[in-house]
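Subject: Handing over a structure

Hello,

I am passing a structure on to you, with some notes on what turned up in it. Please have a look at it first and then read on.

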Amino acid sequence: MEYRPFGTTGLAVSVFTQGGMRFLHGWDAPHDVLPDDSLENVRQVLNASLGAGINLLETARGYGKSERLLGRILPTLGRPRESFHVMSKASPTPTAGEMRRNVEESLQRLGLSFLELYALHGLNTRADVDSALAPGGCLEGLEQAQREGLVGAVGFSSHAPTPLLLEAVASGRFAFVNLHYYFFKRENRPVLDLAAALGMGVLILSPNDKGGLLYDPPPRLRQLTAPLPPVHFNERWLLAHPAIHTLSLGLSEPDHLALHLGSLTPLPYRGATEEAAEKRLAAAQEASPLASCGGCQACLPCPRGVAIPDILRLRHLSETLGMTAFARYRYELFDPADRWMPGGKANRCDDCGDCLPRCPRRLAIPTLMRQVHAGMVG
Ligand code: SF4
Ligand code: SF4
């Protein structure tokens, strides 16, 4: 296992993180009831991941039973507390005091007296960012917990558009960011660059599920990345970037770990095989009129909340790489009222034309939105 300094937090983290989002029955209500088979699943998964050298566990207040499951199993594993780091997260709250209480509750559930990392979970909207950073806002609750020695470094995760992410990073008040950035979604590259310049730790969220449903790739994608399986291609592409420190894998079965460990060799992460696969993917993607959308996001905001660049990206992946199941899975989640997938589907477009003069590629966005929606739901 390789370890990297997690920005300037003083921690050395394994390049894989054990995510705590997908434990067996982990989302079933009630969340304070911990079935025996869930506990056994967590025990097996943690034994495998910690045994392989993973030293960062990631969970959240909002991950169902996750904090409680970890709290029950961690003391039974016989591993010294200093041999692993724990990150938890909590959704933004209106006040600092409420966030401070979230930290206390995380500690109680996890059965720990200190968390090396704590994040605001989902700074997704303008209102989230403004209220978190305001005097008396929830970030102050984490900073208070930090002064009290309850948490080490403070960071955030987000599904926000790139400009808002850049603003949050540029505030200088976060030591790390949990980022959505993958080979198949690269708009957040400026966020990665700014985080690197500021010495922040960077954790990549869900690289293979939200990063492309790569556990079950379509034949066309397999062909283009061969001899590397798409999971290896994506993980090696990410790990080749020195500003990326760890990839969070939501392992739900101990056997799943072997696939990921295969991404770690041979070194370097980017060699002739990876470059050739990348060229084939680029050539396949360029062969589509939708390739002219550069994902610049200048068309936003759309008054109807249509998630224009993301929608075009998904359509492009479906058309050129056969990633239709992934495109439909993500498209279905768009909902302007949802904090986690902010943005509307293409059928919300009412042809107002506002986006047209802002698009540097002069794309016929309203027409494309009609076509894409028909393709996604058809
Ligand atoms: S034309 Fe459609 S996509 Fe463009 S800004 Fe108007 S509603 Fe949004
Ligand atoms: S402005 Fe045009 S090129 Fe940029 S993301 Fe929007 S549609 Fe794509």
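Let me start with ligand 2: the residues of its shell divide into 10 nonpolar, 3 polar and 1 charged. Here Ala, Val, Leu, Ile, Met, Phe, Trp, Tyr, Cys and Pro count as nonpolar, Asp, Glu, Lys and Arg as charged, and the others, Gly among them, as polar. Of the 14 residues around ligand 2, those that come nearest are C293, C296, Q297, C299 and C359; a residue is near a molecule if one of its heavy atoms lies within 4 Å of it.

Before going further, please note that this is a predicted model, in which local features need pLDDT of at least 70 and side-chain atom pairs count only at pLDDT 80 or more, while totals for chains, interfaces and linings use all residues. Residues are numbered from 1 along each chain as its sequence is written, chains are lettered from A and ligands numbered from 1 in the order in which they are written, and side-chain values use heavy atoms, with hydrogens and water left out.

Q297 has another feature to look at: its phi is positive, about 70°, although Q297 is not a glycine. Q297 sits in the loop between α11 and α12 (308-321). Helices (H or I, at least four residues) and strands (E, at least two) are DSSP runs, numbered from the N terminus.

Around ligand 1 you will find C302, P303, R304, I308, C349, D350, D351, C352, G353, D354, C355 and P366. By class, this shell around ligand 1 has 7 nonpolar, 1 polar and 4 charged residues.

Now to the helices. α12 and helix α13 (residues 324-333) pack at an angle of about 160°, with their axes 7 Å apart. Axes are lines fitted to C-alpha atoms, for helices over the stretch in contact, and angles run from 0 to 180 degrees between N-to-C directions. α12 and α13 are therefore roughly antiparallel to each other (under 35 degrees counts as roughly parallel, over 145 as roughly antiparallel, 65 to 115 as roughly perpendicular and the rest as oblique). In their contact (heavy atoms within 4.5 Å), I311, R313, L314, L317 and S318 of α12 meet T324, F326, A327, R330 and Y331 of α13.

α11 and α12 pack at about 105°, with their axes 9 Å apart, and that makes α11 roughly perpendicular to α12. L281, A284 and Q285 in α11 meet H316, L317, T320 and L321 in α12. This contact of α11 with α12 divides into 4 nonpolar, 3 polar and no charged residues.

Helix α3 (residues 96-110) and helix α5 (residues 138-147) pack at an angle of about 45°, with their axes 6 Å apart; α3 and α5 are therefore oblique to each other.

Which peptide bonds are cis? One runs from A226 to P227, with omega near 10°, and another joins T265 and P266, with omega about -5°. P227 is in the loop between α8 (219-225) and α9, and P266 is in the loop between α10 (257-261) and α11 (272-286). Most peptide bonds are trans.

Finally, there are 9 aromatic pairs. Rings of Phe, Tyr and Trp (its six-membered ring) pair if their centres lie within 6.5 Å; planes under 30 degrees apart count as stacked, over 60 as edge-to-face and the rest as tilted. The rings of F183 and W237 have centres 5.3 Å apart and planes at 90°, so this pair is edge-to-face.

Best wishes
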